[in-house]
Amino acid sequence: MSDKLRIAKQFISALPYSGALGMELQELDGGVSVIDMPYDERLVGDPRTGVLHGGAVSALMDTCCGAAVMSHPSNPGGTATIDLRIEYLRAAVPGQRITARAECYHVTRSVAFVRATARDEEDGSPVATATGSFTVEGKR
Amino acid sequence: MSTRRKPETVQVVKKRRDAALRALVDGVPYITFLGIQFDRRGDELTGILPYSDKLIGNPMLQALHGGATASFLEVTSIITLSWEHLWADLESGALAVDEMDATHLPRLPKTIDFTVDYLRSGLPRDAYARARINRSGRRYASVHVEAWQDNRSKLFAQATGHFLMPQSRD
């Protein structure tokens, strides 16, 4: 594992809310980020079915999109979410890990544009998709 | 002479409404995980997210995590929508409050999409949110929700979401 990825992994799990949800960075390079989150009964939104709450998936998407922005080759010094839209395509299968993949596909002097998908362990359609715009703070 | 039912005492009314709200909120693990509470005034609800260290996104900035904020807004929307949806049955007695537990909760609306607008960073203190149902049809509902901290007029986030309403099984 590269030093850069190891440092980034530590950084993500040191963010209190991301850490509380058990998020783990798997890949980070060139504006693309992959983060996963284990199934956890505390994050259930529907007690009848055991399906995770949309908010937990949203938190994963937000973290993953922010990480993608930070890894963009233009080297932003920092970022914050301006806007994030999530579409919940289907219920995540209870008991399965959720993996988000975000891509920062365009960066201007002030704004970064990101899209993301979240999948459980099933093949086929993702659980959720997201699009967001993020601030670009002073270049490093 | 018509036989009009004697109005219930305020204690009976409050007890029933508070018990129903508690059952709805306590039944959802993620709401408990976040520590969200609801303040009820008649049928109006205000979500309260008491500050906790785990809600922080970046420890250097001491700002609330965008995901915690989004979750708070989504939870407030769903509970407000569900509350409005259940209100008539609750008041008529069609919904038996003492039978509401984690396995017999009314079905909750499902989020179709949710768009969060982050207006300023969330400070490390309590947050409040109120949702407004702009349209509630048989199948779909559109909700707008606002969140603030110290000043009601200074929102730190707002969101709009669309929801699929639970269908009765008959």
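Predicted model: local features only at pLDDT ≥ 70, side-chain atom pairs only at ≥ 80, totals over all residues.
## The nonpolar core

Let's begin on the inside. The largest nonpolar core holds 84 residues, and those with the most contacts inside it are Val57(A), Leu60(A), Met61(A), Cys64(A), Cys65(A) and Phe72(B). Helix 3 of chain A, residues 54-70, gives the most to this core, with 11 residues.

Take Cys64(A) as an example. Setting aside neighbours within four places in sequence, Cys64(A) is in contact with Ser33(A), Ile35(A), Ala100(A), Ala102(A) and Ala116(A).

Now look at helix 1 of chain B, which covers residues 10-26. This helix has 17 residues and spans 24 Å from its first C-alpha to its last, close to the 24 Å expected at 1.5 Å a residue. Its buried residues are Ala20(B), Leu21(B) and Leu24(B). Seen down the axis of helix 1 of chain B, these buried residues fall within an arc of 95°, so they line one face of the helix. As a rule, an α-helix has 3.6 residues a turn, so residues three or four places apart point the same way.

What do the buried residues of helix 1 of chain B pack against? Their partners are strand 1 (37-41) and helix 3 (66-92) of chain B. Turned away from the buried side is a face that carries the exposed residues Gln11(B), Val12(B) and Lys14(B).

## Where the chains meet

In an unreviewed entry, UniProt lists residues 50-125 of chain A as "domain: Thioesterase". Over residues 50-125, chain A is 22% helix and 38% strand, and the end C-alpha atoms are 20 Å apart.

Pro94(A) is found in the loop between strand 5 (81-88) and strand 6 (98-107) of chain A. Pro94(A) is partly exposed, with 14 other C-beta atoms within 10 Å. Although Pro94(A) and Val51(A) are 43 residues apart along the chain, their C-alpha atoms are separated by 5.2 Å. Beyond neighbours within four places in sequence, Pro94(A) is in contact with Tyr39(A), Thr49(A), Gly50(A) and Val51(A).

Asp36(A) belongs to strand 2 of chain A, residues 32-37. Why does Asp36(A) count as partly exposed? Asp36(A) has 18 C-beta neighbours inside 10 Å, and a residue needs 20 or more to be buried. Apart from neighbours within four places in sequence, Asp36(A) is in contact with Glu24(A), Gln26(A), Arg97(A), Ile98(A) and Thr99(A).

Most residues other than glycine have a negative phi. Asn75(A), which is not a glycine, has a positive phi of about 55°. Its place is in the loop between helix 3 and strand 5 of chain A, and Asn75(A) is exposed, with 11 other C-beta atoms within 10 Å.

Gln62(B) is not a glycine either, and has a positive phi of about 50°. Look for Gln62(B) in the loop between strand 2 (44-49) and helix 3 of chain B. Gln62(B) is partly exposed, with 13 other C-beta atoms within 10 Å.

Notes: Residues numbered from 1 in each chain as written. Chains lettered and ligands numbered in written order. Core = buried A, V, L, I, M, F, W, Y, C linked by C-beta atoms within 7 Å. Buried ≥ 20, exposed ≤ 12 C-beta atoms within 10 Å, placed from the backbone. Helix = DSSP H or I, 4+ residues; strand = E, 2+ residues; numbered from the N terminus. Contact = placed C-beta atoms within 7 Å. Expected span 1.5 Å × (residues − 1). Arc of directions from axis to C-beta. UniProt positions renumbered as here; feature names shortened; annotations may be inferred.
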